[in-house]
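This report covers the two chains in turn and then the contact between them.

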Amino acid sequence: MAEIAASVPAQANALRRDAAGPSGTKPRHVLSRRNIFLYGTLIMVALYYLLPLYVMVVTSLKGMPEIRLGNIFSPPLEITFEPWVKAWSQACTGLNCDGLSRGFWNSVRITVPSVLLSIAIASVNGYALANWRFKGADTFFIILIVGAFIPYQVMIYPIVIILREIGIYGTLTGLVIVHSIFGMPILTLLFRNYFTSMPEELFRAARVDGAGFWGIYLRIMLPMSMPIFVVAIILQVTGIWNDFLFGVVYTRPDTYPMTVQLNNIVNSVQGVKEYNVNMAATILTGLVPLIVYFVSGKLFVRGIAAGAVKG
Amino acid sequence: MAAAIANPSVSIQDLSLNFGVMSVLKTLNLDVAEGEFIVLLGPSGCGKSTLLNCIAGLLDISEGRIFIKGKNVTWEEPKDRGIGMVFQSYALYPQMTVEKNLSFGLRVAGVPKDEIAKRIARAAEILQIEPLLQRKPSALSGGQRQRVAIGRALVRDVDVFLFDEPLSNLDAKLRSELRVEIKLLHRRLQNTMIYVTHDQIEAMTLADRIAVMKGGVIQQLDAPQTIYNRPVNRFVAGFLGSPAMNFLKGELEAGDVPVFKADGISVPLGRYAFDGDNGRAARPCIFGIRPEHIALGDAAKAMPFTAESTVEIVDPMGSDTLVWTKLGGQIVSFRVEADKMLSNGDAIRIGFDPARASLFDAQSDSRL
Amino acid sequence: MSSLAQPEMSNSERPNQLFRNLNAKVASIPMILTALAVFVGGTAWTVLYSFTNSKLLPRLNFVGVDQYYRLWATPRWLVSIENLLIYGIISLVFSLVIGFVLAALLDQKIRFEDTFRTIFLYPFALSFIVTGLVWQWLLNPDFGIQRVVRDLGWTSFSFDPLYNSSIVIYGISIAALWQGTGLIMCLMLAGLRGIDEDIWKAARVDGIPMWKTYLFIVIPMMRPVFITTLVIIAAGIVKVYDLVVAQTSGGPGIASEVPAKYVYDYMFFAQNLGQGFAASTMMLLSVVIVIVPWAYLEFGGKKRG
């Protein structure tokens with residue numbers, strides 16, 4: 001504790017120099033009652049928050065006999081990676097037994113195009129709303145924002161019909177479009193606010209320079225807005241990867257995303273429950289958003305603060 | 001309005017702009033001569049920047065027409081109007097170097113490479129920014145940024161330059177330096193320039209003619225000296241001049257020699273140049289006299305009007321001193337040299353020439 | 001657009017408004033389609049069909065409010081509503097209180113603030129499915145917390161919320177709070193950071209104790225943050241679905257059913273579309289009840305101009 005070391009000479013100095021009263025730096029008590037309470041509470045709460053992650057990890061590294069006998073909190077006596085291998089490549093989901101890998105690749109094939117498409121559409125929307133206000137644009141925007149609060153359950157069936165009419169119900173393309181639709185309100189808001197906060201004169205200068213709608217977007221706005229694009233990507237990758245409802249409604253069993261497959265593996269009624277495999281599968285499914293979270297740090301906080309409306 | 005200009009460089013006819021029910025510009029007319037430097041001057045919210053943006057084509061107008069070089073450009077895109085524009089916040093593209101900033105418009109227009117290089121070299125030479133060409137805007141000082149912004153208008157090789165408060169973001173010293181540079185630039189290029197500012201010193205020093213605006217209407221359009229000496233209404237009189245013009249409330253008494261009367265004083269207006277018959281009808285009015293037109297002591301004795309008074313407050317301002325006193329029961333300020341020793345309570349004699357005063361109708365505020 | 005070479009005079013005419021900003025309009029087509037076709041159209045469609053007796057396929061065979069009558073006579077729906085209310089109150093109260101307290105603790109200029117914040121917020125990065133499955137495991141009576149406590153010697157200890165129909169919704173709420181309070185903490189922390197430092201200095205000079213400053217000065221100042229947070233929590237509560245599916249699948253029996261699951265099951269399994277539409281319309285109604293007063297308070301009072 002550097003503070004103790006620093007405060008001792010300061011106190012000594014104060015005593016030597018002036019007997020009439022305190023002087024120099026204020027003495028700081030590292031182990032004050034306030035600090036014990038403060039850090040004690042925070043550490044307790046932090047342990048509570050970390051506990052499920054810890055249990056997930058230790059359970060997934062144990063063998064089934066050890067789980068049956070032991071305590072879920074105790075570390076594994078004998079570490080085994082068998083459950084991880086099984087979760088990835090052998091776990092059964094009713095129809096087939098090729099593990100979560102299928103769901104993982106489905107989720108990748110859903111998430112990548114959905115993220116790209118939804119951000120492309122929403123950034124252009126936001127740019128048009130911020131800089132090219134045309135009559136009626138704000139009305140559509142308000143509908144969009146209000147729409148963000150409508151429960152999905154109200155709109156899922158009409159969308160089933162629309163997708164069926166176009167002939168893409170049950171395909172990954174269909175799900176990508178659904179994600180782009182439901183990502184639009186929050187992302188449009190995000191980009192609109194960002195572009196609105198940029199100096200309007202920059203846009204005007206580019207117009208005097210003769211750049212048009214797409215020219216200004218691609219050559220002026222896009223290079224200036226990388227931070228907000230990163231925020232949007234974080235928001236969408238975690239949001240779409242974690243989606244369950246749209247996955248279960250708009251895809252078929254062979255194209256189910258990872259979350260849906262995970263739920264089917266863990267909650268399937270047939271067979272003996274293999275808790276270690278379940279936990280390994282659960283960690284695997286949570287890994288992508290967790291990595292995004294830990295790598296992105298502060299940007300994630302900014303993203304969810306903006307995207308909190310999504311609920 | 002001044003006499004019609006034969007071949008105006010920019011001509012604005014009956015221009016109106018409404019945002020919803022709010023009318024921002026009201027049936028505005030303005031002709032700018034070839035090579036003329038026009039300053040649009042007014043307080044914030046008077047519509048001066050809005051008018052400039054309309055000329056640039058950055059705002060759609062509600063009514064009227066805009067001609068540039070005799071061509072109707074009312075609904076043209078900004079780039080097709082033959083204008084270059086300089087913004088208050090410089091509006092340099094942050095991710096591009098100075099050179100790329102200058103050439104952006106030319107590249108968009110598909111100008112050949114050697115032509116671009118030629119024009120950039122010329123602009124850089126005129127503005128002395130050659131050493132900065134490869135830097136990003138973030139590495140430039142405010143003054144350098146504004147020079148680059150002017151350069152961006154320069155390379156476009158246009159007939160009309162539009163300036164939107166270009167010096168407002170700079171500190172006082174840089175502002176006066178760049179003001180001189182803009183004046184020299186105008187002399188060298190001889191382009192038409194329309195310049196928006198709220199700074200009366202910029203307006204007075206730069207303009208061939210000033211258009212004073214208020215509430216979306218041009219109040220007066222004239223040479224700076226005329227606007228300063230013969231303001232058409234009380235707003236223009238009060239807006240220009242620092243320290244501001246003194247206003248005395250009183251009555252105009254008609255007669256062979258009209259007289260201005262206020263509490264205890266009467267100013268004969270025989271030397272005042274009335275507009276038409278305005279001196280013939282008695283009415284409540286406001287008498288305006290600029291602080292620098294009031295003389296003190298011996299100099300006052302030589303003036304057609306003099307009065308006794310006492311010093312109330314002395315404000316030394318460095319180059320000169322502002323003295324506050326009472327005249328006709330109302331507060332009046334005047335300027336004296338800084339070495340004049342005056343203190344509160346001193347008895348003084350002040351005087352002025354009514355020919356230099358401005359008289360306004362108390363109801364309509366317009367010049368009598 | 002107007003850059004086409006045109007004869008001089010025709011150019012003075014105001015161009016057709018439809019073609020001004022044409023690119024912006026074309027680029028906004030996806031937004032316009034989404035707003036009109038999906039959000040307005042889809043919602044209107046569902047509400048309309050909730051008055052029909054559609055079964056396997058949507059049919060315009062109107063039966064008035066029959067579906068709603070049946071809905072409110074269905075025990076499963078009543079359980080769902082009751083669960084939603086309990087879950088909603090717990091979520092609102094606890095996430096606001098815990099979120100604010102954690103934010104206030106983190107706002108004490110502490111060390112390792114980033115580490116603590118990272119720990120409190122990481123569950124929010126996880127999906128409800130992952131959250132539900134972890135807590136299903138922790139609350140498993142044979143292996144989880146109950147077993148651990150019993151192994152310690154307290155053999156009569158009982159903690160099996162997921163297998164006890166009278167308290168199962170609380171078990172779900174525990175998981176939801178674990179996942180969501182980090183977000184509330186972040187919003188509150190942002191709100192606290194938005195408060196002028198001088199307020200704290202003034203309170204210190206006036207000798208007001210810290211808890212009083214929070215209670216009587218800071219919290220009232222954070223009213224907008226609280227309202228926004230409240231709306232966010234409320235909108236999330238109505239949507240709760242994945243968590244229940246993962247943790248209990250609505251069980252034991254129908255003890256942990258929620259409206260969103262009711263809608264899904266009736267639309268896609270029970271082949272009773274009319275019921276599903278009626279139930280989803282009720283969900284919409286509940287959101288409207290939350291949103292409209294908020295929107296009125298937030299935007300209605302202070303009209304521009």
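## Chain B

Among contacts in chain B between residues at least 6 apart in sequence, 66% join residues at least 24 apart; two residues are in contact if their C-beta atoms, placed from the backbone, lie within 7 Å. The model is a predicted one, in which local features need pLDDT of at least 70, side-chain atom pairs count only at pLDDT 80 or more, and totals for chains, interfaces and linings use all residues. Residues are numbered from 1 along each chain as its sequence is written, while chains are lettered from A and ligands numbered from 1 in the order in which they are written.

Nine helices and 20 strands form the secondary structure of chain B. Helices (H or I, at least four residues) and strands (E, at least two) are DSSP runs, numbered from the N terminus. The C-alpha trace of chain B spans about 75 × 45 × 35 Å along its principal axes. Of the 368 residues in chain B, 42% are buried, that is, with 20 or more other C-beta atoms, placed from the backbone, within 10 Å of their own.

## Chain A

Chain A has 15 helices and zero strands. Its 311 residues are 46% buried. For contacts in chain A between residues at least 6 apart in sequence, 72% join residues at least 24 apart.

## The contact between the chains

Chain B gives 18 residues to the contact and chain A gives 14 residues. On the side of chain B that touches chain A, strand S6 (83-86) and helix H2 (98-109) of chain B each supply at least two residues. H2(B) provides the largest share of that side, four residues.

By class, the side of chain B that touches chain A has 12 nonpolar residues, five polar and one charged. Here Ala, Val, Leu, Ile, Met, Phe, Trp, Tyr, Cys and Pro count as nonpolar, Asp, Glu, Lys and Arg as charged, and the others, Gly among them, as polar.

Key:
A residue is buried if 20 or more other C-beta atoms lie within 10 Å of its own, exposed if 12 or fewer, and partly exposed in between; C-beta atoms are placed from the backbone.
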